[in-house]
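Here is a friendly walk through one model, with a look at charged side-chain pairs and at a helix contact. Have the structure open as you read.

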Amino acid sequence: MKEETMLRTWLTDRFGLDVPLVGAPMAGVSDGRLAAAVSAAGGLGMFGVPATAPASWVAQQAAVAGASGRPYGVGLMAWTLPDHPGQLDAVLEARPALVSISYGDYAPYVEPLRRAGIAVATQAGTTAEARAAERAGVDVIVARGGEGGGHGRDEVSTLPLLQGVLDEVGGPVLAAGGIATARGLAAVLAAGAEGAWVGTAFLGCAETTLSGPARERVLATGETGTAYGRVFDIAQRLAWPPEYGGRALRNAFFDRWHGREERLATDEAARADLEAARGEGDFDTAYIYAGQAVGLVRGQRTAADVVAAFGAADKLLRRFGGS
């Protein structure tokens, strides 16, 4: 008789998962292939929609992510939707199980998604943002601490944020930021989260869109090797809301321009250097977004390997459950 798992939560029950784990929608890194692999392994895979992606790209990746029939999700950036409404239309047509919509005025999109039968998440970097998300009617709030890779706030780290959010909101909460192993998953489950929202742990996987050299850079980076700021967004002239900087691997370009963002905003040579470096795979200049858990990503694995490793949180929790 199969031993009953302790990893049953709102998240696993809502989406039929084996592990209470969401593969974060990392625009430019997680496409339909990674989402499908995470979902097939028993988590909930998601792909992130880049700022200027056309609706056709969203539809293509949704077809890949959903080909197995397993639930999957899509991540949208609210600040891009007024200029790219076709992204939302494509998502509504695809009807994924979950849509994350964050970073900007996401509230107008919550009810259209829910009317389509799609669960809605948003990422909150402060307890106040979590309270606002609850008022907006989202189905699940992601408490994203400043340790997380990619974009978000840097005001509060994951554990104090998670505690504050759990005390203040009544609906399900997922934890994000710095969770890369079964120990991290067990910790946030013990605190009361319904699961973990994980991105950096998958950066060593071949199913991402990272190039081989980018993946090698990730694997060579230690726990202190990231930096947070707006350097890469400003250099690209991206209209990210200024409160949401990005955490990436620290490199020479970041160090050169951090603290000089006002000058960077008008330096066309720096902009051209960054664009050229992205094409050439020069990661002393080009960016790789990753969180502080990058030091725990020590070798190339498949997405299935990563999801299975998180499943060991069950045994860790049993240590304290008297089983």
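Does Arg8 count as buried or exposed? Arg8 counts as exposed, because its relative accessibility is 63% (buried means under 20% relative accessible area, exposed over 50% and partly exposed in between, with a 1.4 Å probe and protein chains only).

A word on the ground rules. This is a predicted model, in which local features need pLDDT of at least 70 and side-chain atom pairs count only at pLDDT 80 or more, while totals for chains, interfaces and linings use all residues. Residues are numbered from 1 along each chain as its sequence is written, and side-chain values use heavy atoms, with hydrogens and water left out.

**Salt bridges**

A salt bridge here is a side-chain nitrogen of Lys or Arg within 4 Å of a carboxyl oxygen of Asp or Glu. By this rule the model has 13 salt bridges, among them these:

| Pair | N to O distance |
|---|---|
| Arg8 and Asp13 | 2.8 Å |
| Asp154 and Arg247 | 3.2 Å |
| Arg278 and Glu275 | 3.6 Å |

In the pair of Arg8 and Asp13, Asp13 is partly exposed at 46% relative accessibility.

Next, take the salt bridge between Asp154 and Arg247. Asp154 sits in the loop between strand 7 (150–152) and helix 7 (158–168), and Arg247 in strand 11 (residues 245–249), so this pair ties together parts that are 93 residues apart in sequence. (Helices, H or I with at least four residues, and strands, E with at least two, are DSSP runs numbered from the N terminus.) Asp154 is partly exposed, at 35% relative accessible area, whereas Arg247 is buried, at 6%.

Arg278 and Glu275 are 3 residues apart in helix 13 (residues 268–280), which means about one helical turn separates them. Arg278 is partly exposed, with 41% relative accessibility.

**Helix 2 and helix 3**

Now to the helix pair. The axes of helix 2 (residues 32–40) and helix 3 (residues 55–65) come within 7 Å and cross at roughly 25°; axes are lines fitted to C-alpha atoms, for helices over the stretch in contact, and angles run from 0 to 180 degrees between N-to-C directions. Helix 2 and helix 3 are therefore roughly parallel to each other, a label for angles under 35 degrees.

Which residues meet here? Gly32, Arg33, Ala35 and Ala36 in helix 2 meet Gln61, Val64 and Ala65 in helix 3, where contact means heavy atoms within 4.5 Å.

Methods:
Angles under 35 degrees count as roughly parallel, over 145 as roughly antiparallel, 65 to 115 as roughly perpendicular and the rest as oblique.
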